[in-house]
Amino acid sequence: MTGGTRVAVWGALLALGLAAPFLFPAYLQQIATLWLFVVFALTWDLVGGQMGYNSFGNVVFVGVGMYGCAVTQIGLFYSVGAYTAARGGGTEFVFNMPQYLGGLATGVVAGGLLAVVTALVLGSLVLGMRGHYFAICTLGLGVAAGELAAGWNWIGAGSGMTAPTAPDALDVNSFYYYLCFILAVVTFFATRWLLSTRFGLAINAIRDDEDKAEAMGLPTTRLKVAAWMFSGFFLGLAGGIYGNMNRFIDPNDLAFAGSTIGVWMVLMAILGGKGTLWGPVIGAAVFQVFKELFWTYLLGWQRVALGLLIVLIVVFFPQGILGYLRERFPALFGHTIDPDPAGASEPEEARP
Amino acid sequence: MSALLEVSGVSKSFGGVRANDNISLKVDDGRIIGLIGPNGSGKTTLFSSIVGFHPIDGGSIRFEGKEISQNTVPEIARMGLLRTFQQTRIYSKMTCVENMLISRSMRGRAFTDFFRQRSSQKVDRADDLLEFVGLFSKRNLMAGSLSFGQQKLLEFAMALMSEPKMLMLDEPTAGINPTLINGLIDRLRRANAEFGITLFVIEHNMRVIMNLAEHIYCLAHGELLAEGPPEAIQNDQRVVDAYLGTH
């Protein structure tokens with residue numbers, strides 16, 4: 001792409017994202033969810049695609065962000081225990097506009113930071129494992145986190161938590177739409193920046209051959225934990241927003257929803273193309289469209305249809321949309337044979 | 001000349017198998033030293049022991065006078081002691097240039113250095129070294145799409161990129177087209193002479209190692225069998241017997 005078309009494409013995408021609430025007001029929440037899915041898929045792919053560590057536990061960071069945010073929002077002004085005991089309803093727990101917005105901002109950031117700390121601790125423990133062992137172990141993390149949250153009375157235990165009620169003056173639908181959109185854009189550019197640094201090359205090296213990376217002197221453990229922390233941060237932010245958007249936080253069906261969001265984020269990244277920047281974005285968009293179609297037109301059978309889609313993708317399309325394009329048209333992705341510089345010797349392989 | 005690498009009394013067993021038994025040898029700075037021995041004589045195990053891939057059972061390993069037998073693989077690599085693998089190991093889903101860029105020296109660099117952009121100076125260096133091994137035209141191809149011999153050359157170039165003080169090569173000519181071997185020997189010599197890299201080479205091809213090395217150690221059944229200049233090793237009856245299987 002030339003510079004001009006590049007700017008035009010960026011501008012068009014940005015304009016579409018900003019104008020969506022006016023163009024498709026009926027689908028506002030679905031599109032907002034799509035932006036969160038983009039965050040989920042991008043951050044999953046950083047660890048699963050770019051670094052080759054297939055994690056089924058990234059949903060833990062979503063849950064930690066969700067609870068961390070809600071607890072901070074409430075805790076700033078009320079007693080969390082009293083709030084959860086009262087099921088968050090009633091007239092005593094009212095948040096005015098500055099309290100709501102200030103609490104939300106603090107809460108989302110706190111949720112993100114809490115997820116980073118969680119990633120640091122869990123990463124140091126489980127990132128020593130490789131391949132299938134790591135995948136299975138992270139699967140357990142998600143389940144364990146859900147059980148822990150469901151047993152902790154202070155945060156509502158099994159009956160969950162209700163996010164603070166927004167003041168009436170706030171147009172919550174548009175507000176959360178733009179919050180999700182901004183988060184997706186920030187996550188995209190942060191990931192793009194990270195992949196353009198030596199860090200990006202280093203985690204690719206770990207994906208391709210971790211023993212070699214170690215033999216070449218790369219501090220693999222620190223790199224792996226750092227990548228997971230980066231991923232955890234944006235998932236934590238997303239979780240904080242998601243919880244408020246959804247209003248009700250359930251420990252197993254939303255916060256630590258391993259069998260839905262936890263698997264979906266893997267699927268979206270694979271569908272779009274693991275280990276590419278745009279793959280997870282495209283995968284999230286395609287997935288969300290299919291998901292909404294299934295839920296609308298195949299109600300009752302939506303999970304069967306989704307399961308079928310998962311099977312079809314994994315069996316027939318494992319390299320994903322961008323992965324397929326890169327395989328078919330390598331030159332588009334810059335994988336070309338260059339002429340030797342003048343005066344250089346013949347390429348080695350040309351000789352018999 | 002001072003000893004860059006000093007291995008004294010190193011032993012390593014895997015279960016009941018003594019892969020290395022009380023091995024002592026030294027590699028002087030700036031030289032090309034060979035390591036030969038029949039299959040299963042413990043050459044690769046010794047390499048792995050030196051670079052910290054597995055803990056040793058006894059003995060000491062010193063690099064530049066510092067004990068390194070307790071250090072981890074990345075730590076030893078960052079000191080400038082690097083090994084290549086018998087089965088080539090490259091980053092197959094990255095381009096050749098990317099393989100080169102991530103291989104540059106890590107010595108004395110902070111972790112924050114990972115968050116810098118790739119420097120054009122390093123890209124130039126990567127291109128130069130790819131040209132040095134004859135892979136310049138393939139620089140933007142995925143490393144995994146190269147032939148086995150080319151991957152070996154890439155691995156060698158990656159090692160040079162990281163500017164090691166000492167490079168331990170595990171069978172650099174195995175699997176390489178015989179017509180290319182002379183070119184590779186020439187490049188190994190130039191790496192030693194021009195870049196000042198000390199070489200410690202495992203090799204099965206006798207013509208290659210006798211040509212290349214100034215001093216050769218021979219292992220058999222995990223023990224050091226003989227050492228000396230190439231001519232002496234070639235005529236050593238114990239070495240001949242070991243290779244013919246009468247040992």
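In this predicted model, 34 residues of chain A are in contact with 38 residues of chain B. Three elements of chain A each give two or more residues to the side that touches chain B: α8 (198-208), α9 (210-215) and α10 (220-246). Of these contributions, that of α8(A) is the greatest, with seven residues. Sorted by class, the side of chain A that touches chain B has 13 nonpolar, nine polar and 12 charged residues.

Chain B may be considered next. Its secondary structure consists of nine helices and 10 strands. The radius of gyration of chain B is 18 Å, close to the 18 Å that the globule rule gives for 247 residues, so chain B is as compact as a globular protein of that length. Taken along the principal axes, the C-alpha atoms of chain B fill a box of roughly 55 × 40 × 35 Å. Of the 247 residues in this chain, 47% count as buried. Among the contacts in chain B with a separation of 6 or more, 68% are accounted for by residues 24 or more positions apart.

The interior is the next topic. In soluble globular proteins, nonpolar side chains tend to be buried together. Here the largest nonpolar core has 170 residues, and the members that touch the most others are A:Trp35, A:Phe40, A:Cys180, A:Ala238 and B:Ala157. Helix α2 (residues 28-50) of chain A supplies the largest share of this core, 14 residues. The surroundings of A:Ala238 can be followed in the structure: leaving aside its neighbours within four places in sequence, A:Ala238 is in contact with A:Leu36, A:Val39, A:Phe40, A:Val62, A:Gly65 and A:Leu183.

Two further helices of chain A can be viewed side by side. Helix α3 (residues 59-75) has 17 residues and reaches 24 Å from its first C-alpha to its last, close to the 24 Å expected at 1.5 Å a residue. This helix is mostly covered, with 16 of its 17 residues buried. Helix α1 (residues 3-23) has 21 residues and reaches 28 Å between its first and last C-alpha, close to the 30 Å expected at 1.5 Å a residue. Along its course, α1(A) bends by about 35° at A:Gly17, and a proline, A:Pro21, follows within four residues. Whereas α3(A) is mostly covered, α1(A) is hardly covered, and the count of buried residues among its 21 residues is zero.

How values were computed
Residues are numbered from 1 along each chain as its sequence is written. Chains are lettered from A and ligands numbered from 1 in the order in which they are written. This is a predicted model: local features need pLDDT of at least 70, side-chain atom pairs count only at pLDDT 80 or more; totals for chains, interfaces and linings use all residues. Two residues are in contact if their C-beta atoms, placed from the backbone, lie within 7 Å. Ala, Val, Leu, Ile, Met, Phe, Trp, Tyr, Cys and Pro count as nonpolar, Asp, Glu, Lys and Arg as charged, and the others, Gly among them, as polar. The expected span of a helix is 1.5 Å times one less than its number of residues. A residue is buried if 20 or more other C-beta atoms lie within 10 Å of its own, exposed if 12 or fewer, and partly exposed in between; C-beta atoms are placed from the backbone. The radius of gyration is taken over C-alpha atoms; the globule rule is 2.2 Å times the number of residues to the power 0.38. A nonpolar core is a set of buried Ala, Val, Leu, Ile, Met, Phe, Trp, Tyr and Cys residues joined through C-beta atoms within 7 Å. The bend at a residue is the angle between axes fitted to the seven residues ending there and the seven starting there.
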